[in-house]
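Subject: Handover of a structure

Dear colleague,

Please find below the structure that I am handing over to you. My findings are set out after it.

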Amino acid sequence: METKDLYKAADNRYDNRQMYTYCGHSGVILPKLSLGFWHNFGSVDPYERSRAITHYAFDHGITHFDLANNYGPVYGSAEETLGKLMDDSFRPYRDELFISTKAGYDMWQGPYGNGGSRKYLMASLNQSLKRMHLDYVDLFYSHRYDPNTPVEETLQTLVDIVRAGKALYVGISNWPLEQLRKGYDYLAAHDVPLLIYQGKLNRLYTEHIDNGLLRFCHEKGIGYIAFSPLAQGLLTDRYVNGIPSDSRMAKGKFLRAEQLTDEVRAKVAAVRVEAAERKISTAQRALGWILEQQGVTSVLVGASSVEQLQDNMAVLTTD
Ligand SMILES: NC(=O)c1ccc[n+]([C@@H]2O[C@H](COP(=O)([O-])OP(=O)(O)OC[C@H]3O[C@@H](n4cnc5c(N)ncnc54)[C@H](OP(=O)(O)O)[C@@H]3O)[C@@H](O)[C@H]2O)c1
């Protein structure tokens with residue numbers, strides 16, 4: 001009979017005191033480095049590798065896993081992987097985990113599988129909970145601003161999701177600053193404070209510093225979690241000697257060779273110099289720079305191997 005090794009989390013997983021910070025003006029403590037499931041956790045990826053990455057993460061104090069309805073590929077399959085991981089490893093640790101998911105982008109065909117409507121968000125979250133084998137998520141996001149849906153409809157749905165006990169907190173991702181202001185006010189007026197904003201921030205993309213969105217979050221006590229902090233791998237040594245066949249750029253869908261322009265190469269080279277001066281890796285310098293920005297709660301990394309995650313996590317133990 002096949003026997004599966006039971007996972008037991010490392011006893012010393014909370015030993016790194018530099019690891020945690022409060023999320024804005026809330027009682028929620030998040031790890032400064034969180035793990036994203038956008039890539040590397042789909043049905044096309046080896047389950048054992050996904051499992052090893054999550055075990056390493058949790059064993060080293062990463063308590064926050066970030067998902068969305070359409071992460072995969074195929075759509076939904078990253079949530080299914082999380083569901084299997086809950087069954088195989090993490091069920092005894094459910095209350096030590098902070099799990100988020102989102103809806104907003106393309107998910108299923110027809111008029112109700114995309115956007116910001118109540119119909120889509122409610123149905124999507126119900127599906128997500130089933131795939132993840134969870135009764136509730138810790139955090140549910142509106143994944144994008146939908147100009148075709150009245151903003152109040154999306155926001156009231158977030159309020160009602162919390163009231164229904166399907167999410168403990170709500171967040172907003174990718175909304176422009178003007179809409180974020182409305183969202184913050186609406187949610188505060190309905191006693192469901194906006195916990196966190198999820199936005200793209202890295203050494204190659206600084207819009208939320210430049211336009212004041214990060215400052216707004218800081219001033220209002222909204223947490224800020226930075227996605228694609230390594231610009232999907234550009235801000236590492238992954239592409240120093242060409243395009244590795246197993247890299248995200250080789251897959252060519254979300255990161256394309258044309259993005260590696262001379263200007264990008266020059267900016268990455270500057271980060272590499274800073275890293276060398278500090279005797280740390282390029283990835284660690286890229287992540288460290290984000291964590292230095294006032295108002296940033298956490299960086300949300302992706303990793304296709306345990307070694308990459310190990311490299312990234314060292315940012316929390318190097319000066
Ligand atoms: N809200 C949104 O709209 C949104 C959008 C995008 C992402 N996100 C969230 O943010 C998370 C992270 O995004 P991301 O995957 O783009 O993050 P990222 O950390 O910028 O990129 C991750 C990729 O970089 C490479 N990498 C990571 N660490 C490395 C290291 N130490 N050395 C060399 N290469 C390294 C790997 O690429 P290879 O695969 O080539 O090895 C890895 O898959 C997502 O999983 C998701 O949760 C949210």
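The notes below go from the whole chain to one strand and then to one pair of helices.

Please bear in mind that this is a predicted model. Its chain contains 11 helices and 10 strands. With a radius of gyration of 19 Å, close to the 20 Å that the globule rule gives for 319 residues, the chain is as compact as a globular protein of that length. Along the principal axes, the C-alpha atoms occupy a box of roughly 60 × 50 × 40 Å. Of the 319 residues, 44% are buried. Where contacts join residues at least 6 apart in sequence, 75% of them link residues at least 24 apart.

Strand S5, residues 98-103, is mostly covered, with six of its six residues buried. The burial concerns both faces: Phe 98, Ser 100 and Lys 102 lie on one side, and Ile 99, Thr 101 and Ala 103 on the other. S5 pairs with strand S4, residues 64-66, in the parallel sense over three bridges. Within this pairing, Phe 65 has Ile 99 of S5 as its bridge partner.

Turning to the helices, the axes of H9 (residues 262-278) and H10 (residues 282-291) come within 8 Å and cross at roughly 100°. H9 is therefore roughly perpendicular to H10. On the H9 side, the contact is made by Val 271, Arg 272, Glu 274, Ala 275 and Arg 278, and on the H10 side by Thr 282, Gln 284, Arg 285 and Ala 286. These residues divide into three nonpolar, two polar and four charged.

With kind regards

How values were computed. Residues numbered from 1 in each chain as written. Predicted model: local features only at pLDDT ≥ 70, side-chain atom pairs only at ≥ 80, totals over all residues. Helix = DSSP H or I, 4+ residues; strand = E, 2+ residues; numbered from the N terminus. Rg over C-alpha atoms; globule rule 2.2 N^0.38 Å. Buried ≥ 20, exposed ≤ 12 C-beta atoms within 10 Å, placed from the backbone. Contact = placed C-beta atoms within 7 Å. Axes fitted to C-alpha atoms, helices over the stretch in contact; angles between N-to-C directions. Parallel < 35°, antiparallel > 145°, perpendicular 65-115°, else oblique. Nonpolar A, V, L, I, M, F, W, Y, C, P; charged D, E, K, R; others polar. Pairing = 2+ DSSP bridges.
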